[in-house]
Amino acid sequence: MAAFNLAIGEEFFDNLRRSGCHYVDKTELIYDIATAGGSRITLFTRPRRFGKTLAMSMMLSFFDITKDSRDVFEGLAVAEHTDFCREWMNQYPVLFLSLKDVFGLDFENAYAMLKARIANLCKKHFYLADSEKVNALDRQIFLKLCKETGSISQVKDSLLLLTRMMYAHYNRPAVLLLDEYDVPLAKAHDAQTDSSEYYDRILDVMRGLMSSTFKTNEYLKFAVITGCLRIAKESIFTGVNNFKTYSILDSRFGSSFGFTQHEVEALLNAAGYADKMDLIKSWYDGYVFGNSEIFCPWDVINYVWDLMENPDKKPDNYWKYTSENEILRAFTKNPAFQISEKFETLMNGGMIVQTISDELAYRSLSDKEDNLWSVLFMTGYLTKAKKQEQGKTLHLKIPNAEIAEIFQETVVNYFVDTMDRNIQKELMDALWNGQEQEASRIISDLLWDTISYNNYHENYYHAFLTGIFAGQPYAVKSDQENGLGRTDIVIKDRRNRRAMIIEAKKADTETAMELECLHAKQQITEKQYARGLSGYTKIICYGISFYQKTAMARLLE
């Protein structure tokens, strides 16, 4: 088998191709966009980590007049369109701007980041300052933007200025690639406290930037924009015509971002891990874009990379590390939304029916429950349960095991944050005093009060218990090596020289709970978990079994 190379997090197309790493061919997107007709500005909205930035870098490489890209596209799908490549490849000046880092704690910091990004873009095209074909007044403003001393109106007109200067220099209209366009507004929305000044001011800048760039720009060949959400047109794209959006509701371009099953199978065959297909499918598949079923490419690539180091590696939750999952917390924290039953349905593998909008305004995301469900759908936390379903009223589900785990963790964390500390103390007193029935009752009551679901896994109960014990004046350790194994939970009360060992089990039926408690207690004894707790004068051991929303605590005598 030929050597298999894989790159993690590589967002520069040329580097990826010239390094000899495996590449899932998405170059047909170039041909489809350039020959689409009817729209000069195309916006793609996709969840994070579905290859948007790499796709933009691919288009930069293909169209950029300063490059010779024949080698990096050799053998790829777009190269089969020979007449198209002859006419379009490396024939246009290109501006590529990413706004993914344009944010801060307040407007001043976010605006400074925007000016820095504009300055870097100008410096990349500094040859325009020396061009004899460029208007002298444009050159003066260009130099101010390079130094980050331009006025706010000049920053708003910066992309229009650059396309005009490029047109003067090359005598050809420019291609504009604007990546993660909605990040400044999303971050401003997340950062708000009692004042909306930050959001209002960054909205004004972004509206001005978009309007001047796209409204009446005769120097623009076409533009491609990417983001997670389509911001309502009246909020940011005022007066922009000839504009087409493709969201995850649209069938066209459905497989242009993310991996199809065929593409994942080819990757696994090349890597030598074809036997992992079913596992990868259960964890990282399930997204439906249009009518195409899609895997998250970030997850697939990271897991294959880990498999290359450890062939026995279990799937990990790579997606949760790329976001703060704030939208899920917004759901659980809002008392106006009655979402517990819907969450329980979803977490139990069921479907809910919701009306979805693919055009939203960040300011109004929390105004009504439907908006938040729409955001969960558009950002990948939920997906269509019926692939061929059309329209805006859809059956929704959690796409895979990875996202289900994020739902579980969010619910547990919310429960811990809002738990009544008096009840928490009552539970600890009952456990320290060996009161099995009282401890069982309190844990069951807490389970009933939180968002929960029927198809539990042991790790959910484990996290639930760990959360219950958090914030107490004890040292709480989870999955710690003791004796001949790893204990689920160890609680140490150094002041009173006492410790508690807890082993959690999931029962398949209510009648099996007593037996699972017995198994837990046997495990504590056989694995000698108490052996690592020398110096403690009192060691209490519990087996705690769970069935759905009921708990049973049994003391090891």
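An open sheet of 5 strands runs in the order E2-E3-E4-E1-E5, with parallel pairing; strands pair if DSSP finds at least two bridges between them. Helices (H or I, at least four residues) and strands (E, at least two) are DSSP runs, numbered from the N terminus. This is a predicted model, in which local features need pLDDT of at least 70 and side-chain atom pairs count only at pLDDT 80 or more, while totals for chains, interfaces and linings use all residues. Residues are numbered from 1 along each chain as its sequence is written, and side-chain values use heavy atoms, with hydrogens and water left out.

E2 and strand E5 (243-246) stand at the edges of this sheet with a single partner strand each, so one side of each has no neighbour in the sheet. From one strand to the next the twist averages 15°; axes are lines fitted to C-alpha atoms, for helices over the stretch in contact, and angles run from 0 to 180 degrees between N-to-C directions. Strand E1 (residues 41-45) pairs with E5 in the parallel sense over 4 bridges. Ile41 stands opposite Phe243 in E5.

On a 1 Å grid over the protein atoms alone, a cavity is a set of points where a 1.4 Å probe fits but cannot get out, and a pocket is an open set with protein on both sides within 12 Å along at least five of seven lines; lining residues have an atom within 4 Å of a point. Grid points are joined across faces, edges and corners, and a volume is the space filled by probe spheres set on the points. The structure holds 1 cavity of 30 Å³ or more, and the largest cavity has about 40 Å³ of space. Its lining consists of Leu60, Asp64, Val94, Leu95, Phe96, Leu121, Lys124 and His125. E2 gives the largest share of this lining, 3 residues. By class the lining of the largest cavity has 5 nonpolar, 1 polar and 2 charged residues, where Ala, Val, Leu, Ile, Met, Phe, Trp, Tyr, Cys and Pro count as nonpolar, Asp, Glu, Lys and Arg as charged, and the others, Gly among them, as polar.

The second largest pocket contains about 470 Å³ of space. Of the 20 residues that line this pocket, Phe12, Leu60, Phe96, Ser98 and Lys124 lie nearest its centre. Helix H1 (13-18), helix H3 (52-63), strand E2 (94-98) and helix H6 (107-124) are the elements that give two or more residues to the lining. The lining of the second largest pocket has 6 nonpolar, 6 polar and 8 charged residues.

Another open sheet, of 3 strands, has the order E8-E10-E9 and antiparallel pairing. Its edge strands, E8 (352-355) and E9 (383-384), each pair on one side only. Helix H17 (residues 340-347) packs on the sheet, touching E8 and E10 (contact means heavy atoms within 4.5 Å), and its direction makes about 120° with that of E8. E9 pairs with strand E10 (residues 393-397) in the antiparallel sense over 2 bridges, and Lys384 stands opposite Leu396 in E10. Helix H18 (residues 369-378) lies across E8, E9 and E10, running at about 105° to E8.
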